[in-house]
Amino acid sequence: SVNEVIGMLNESKIKLVPKFSVELSHHYGIEKFHEIGCVIITCFNREYAKKIIVQLPGQWNPEHYHKKKEETFHVLSGTLKIWIEGQEFIRNAGETIDIPRGTGHEFGTETGVIFEEVSTTDYSGDSYYTDNKIAQKPRDDRKTYLQNWGRYQFD
């Protein structure tokens with residue numbers, strides 16, 4: 001799946017900053033990653049933050065909210081379906097959507113999507129999931145961190 005993500009980034013001609021961190025988010029286990037999850041590339045996290053989120057075709061990210069963080073998603077490639085407080089929105093390349101703090105949201109894609117998440121500071125433990133099966137899991141049980149991925153060329 002890492003090769004698929006690298007392929008999507010290359011095909012979309014998306015360049016990353018030299019230093020970044022990568023995590024696989026797999027809320028129901030790594031074995032279900034192709035169905036439920038995403039790849040999160042953190043470009044920077046200060047008073048403001050930027051992440052690149054990549055979802056493979058057919059992936060979905062479960063409903064959650066943030067108490068501290070406010071987000072804007074900007075689609076770079078593909079089509080994003082997002083549900084905010086149960087209302088469905090569709091965003092294509094070049095389009096944005098705002099998610100105020102405290103607002104329940106989930107997202108996914110049928111085609112594959114790459115989008116920027118521009119937000120206020122991202123704090124560890126600030127994602128609150130509505131599904132208790134996820135909420136009860138320690139963060140490290142639903143995240144896999146890829147070390148040194150940023151040292152390798154994508155093309």
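Reply: A disulfide is a pair of cysteine sulfur atoms within 2.5 Å. The model is predicted, so local features need pLDDT of at least 70 and side-chain atom pairs count only at pLDDT 80 or more, while totals for chains, interfaces and linings use all residues. Residues are numbered from 1 along each chain as its sequence is written, and side-chain values use heavy atoms, with hydrogens and water left out.

Me: How many disulfides does a search of the whole structure find?

Reply: The sulfur of Cys38 has its closest cysteine sulfur in Cys43, 14 Å away, which is too far for a bond. For Cys43, the closest cysteine sulfur is in turn that of Cys38. The number of disulfides found in the whole structure is zero.

Me: Does Cys38 count as buried or exposed?

Reply: Buried means under 20% relative accessible area, exposed over 50%, and partly exposed in between, with a 1.4 Å probe and protein chains only. The relative accessibility of Cys38 is 2%. Cys38 therefore counts as buried.

Me: How many of the eight residues of strand β3 are buried?

Reply: Helices (H or I, at least four residues) and strands (E, at least two) are DSSP runs, numbered from the N terminus. Strand β3 covers residues 48–55 and is mostly covered. Its buried residues number six.

Me: Which residue of β3 is the bridge partner of Val39?

Reply: Two strands pair if DSSP finds at least two bridges between them. Strand β2, residues 38–45, runs antiparallel to β3 and is joined to it by six bridges. A hairpin of two residues connects β2 to β3. The partner of Val39 in β3 is Val54.

Me: In β9, which residue is the bridge partner of Val54?

Reply: Strand β9 spans residues 113–120 and runs antiparallel to β3, with eight bridges between them. Within β9, Val54 has as its bridge partner Ile114.

Me: How many strands does the secondary structure of the chain contain?

Reply: Read along the sequence, the pattern is α-β-β-β-β-β-β-β-β-β-β-α-β. The chain has two helices, and its strands number 11.

Me: What is the radius of gyration of the chain?

Reply: The radius of gyration is taken over C-alpha atoms, and the globule rule is 2.2 Å times the number of residues to the power 0.38. For 155 residues this rule gives 15 Å, and the chain comes close to that value, so it is as compact as a globular protein of that length. The radius of gyration of the chain is 14 Å.
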